[in-house]
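This report describes the architecture of one chain and its contact with a partner chain. The sequence and structure are shown first.

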Amino acid sequence: MNDSYRIALAGNPNTGKSTLFNALTGLKQHTGNWAGKTVSLAEGTLLHKGKNYRMIDLPGTYSIFSNSRDEEVARNYIVFEKPDVTLVVVDATSLERNLNLALQILEMTQNVIICINLMDEAEKRGISINERLLTRRLGVPVIKISARNKAGFPLLLDTIERLAEGKIKCEPARLTYDKDIEAKIASLEPLVADLVEDRISSRWVALRLLDGDESLLDELKSRLKVKEGTA
Amino acid sequence: MDKTNCITLYEGKNGDFIQITSMDIEGVMRRRLLDLGFVPGAVVEVIRKSPLGDPIAFRVSQTTIALRREESSKIQGELMKHE
């Protein structure tokens, strides 16, 4: 069971994240507890082409900058538990709002699939989405689905499989900040890289430190301590 | 647009469209507002005021969000022409 790939589901509230989760796992969900956290995450199993995938349903959030417990849980899972693939579910009828979280996640981790859900609803409202252009701009696969009609699932499942197995590589578009911030990132990044090695994106950690994210700093401290203690 | 068009979100009237120019808010609250769609350049519609004028409901990025005076009075924007 432990050698199966782990797929995390992230997204804003009310994007049909749980509908997708239940459709993929066939409602076979149970809850799991994570080290150091009392918040439980729904977990389920997905069988695709004879392989098991563990799906983890993260709390729905608008952001992932640890303004709340939910955001902290979602952030810690993506950054420290390192799922093989992070599926970001976005609402086709409200892309502008939803892509905020997607961009934040693209800064944190590499293996991301953007899943545009509620396509049926968007089409009813006359919204059309050019997912190829989005794929090019974002540097990760963008797939249109409708979780309640199970539309778009074959392509989604194949993409999950290919990404988990390393057959396709993501190159998330990198946001460039202004000169001052980029200069500070450049001076912080090597120091961060020494500490976190290549397990976490040092650019992302540097950015969060510049933003004064104390919750992340505490989390890093406690995790590094644990590691030293067991080493 | 001339200066007279500059108002805070708090000063908006029902039905006004205001394009955000700046925010005098720092830290976690600033981050929160940005995440909710209160970003410079965004057009916000004043939907409804509470009986006592606080909080005020705004429509931003296709969602309705209510802000208290503490925040809405620190967000500046340009009042756009009525349709």
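## Terms and conventions

Two strands are taken to pair if DSSP finds at least two bridges between them. Helices (H or I, at least four residues) and strands (E, at least two) are DSSP runs, numbered from the N terminus.

The model is predicted: local features need pLDDT of at least 70, side-chain atom pairs count only at pLDDT 80 or more, and totals for chains, interfaces and linings use all residues. Residues are numbered from 1 along each chain as its sequence is written, while chains are lettered from A and ligands numbered from 1 in the order in which they are written.

## Confidence

The average pLDDT of chain B is 89, and 93% of its residues score at least 70; pLDDT is the predictor's confidence in each residue, from 0 to 100. For the complex, the predictor gives an ipTM of 0.72 and a pTM of 0.85.

## Overall fold of chain B

Chain B contains two helices and six strands. Along the sequence they follow the pattern β-β-α-β-β-β-α-β. The radius of gyration of chain B is 12 Å, close to the 12 Å that the globule rule gives for 83 residues, so chain B is as compact as a globular protein of that length. This radius is taken over C-alpha atoms, and the globule rule is 2.2 Å times the number of residues to the power 0.38. Along the principal axes, the C-alpha atoms of chain B fill a box of roughly 35 × 30 × 20 Å.

UniProt, in an unreviewed entry, places the feature "domain: Ferrous iron transporter FeoA-like" at residues 7–79 of chain B. UniProt positions are given in the numbering used here, feature names are shortened, and annotations may be inferred rather than shown by experiment. Over residues 7–79 of chain B, the chain is 19% helix and 42% strand, with the end C-alpha atoms 7 Å apart.

## The sheet

The six strands form an open sheet in the order β1-β6-β2-β3-β4-β5 (chain B), with antiparallel pairing. Its edges are β1 (6–8) and β5 (63–67) of chain B, each with a single partner strand, so one side of each is left without a neighbour in the sheet. From one strand to the next, the twist averages 45 degrees, where axes are lines fitted to C-alpha atoms, for helices over the stretch in contact, and angles run from 0 to 180 degrees between N-to-C directions.

Strand β2 (residues 17–23) of chain B pairs with strand β3 (residues 43–49) of chain B in the antiparallel sense over three bridges. Here Phe17(B) stands opposite Glu45(B), and Gln19(B) has Val43(B) as its bridge partner. Five bridges join β2(B) to the antiparallel strand β6 (residues 75–79) of chain B; Ser22(B) is partnered by Gln76(B) and Met23(B) by Ile75(B).

Strand β3(B) is also joined by four bridges to strand β4 (residues 56–60) of chain B, again antiparallel, and Val46(B) stands opposite Phe58(B). In the hairpin of β3(B) and β4(B), six residues lie between the strands, and Gly53(B) takes a positive phi near 85 degrees.

## Contact with chain A

The contact takes nine residues from chain B and eight residues from chain A, two residues being in contact if their C-beta atoms, placed from the backbone, lie within 7 Å. On the side of chain B that touches chain A, the largest share, five residues, comes from helix α1 (residues 27–36) of chain B. The residues of that side divide into two nonpolar, four polar and three charged. In this scheme Ala, Val, Leu, Ile, Met, Phe, Trp, Tyr, Cys and Pro count as nonpolar, Asp, Glu, Lys and Arg as charged, and the others, Gly among them, as polar.
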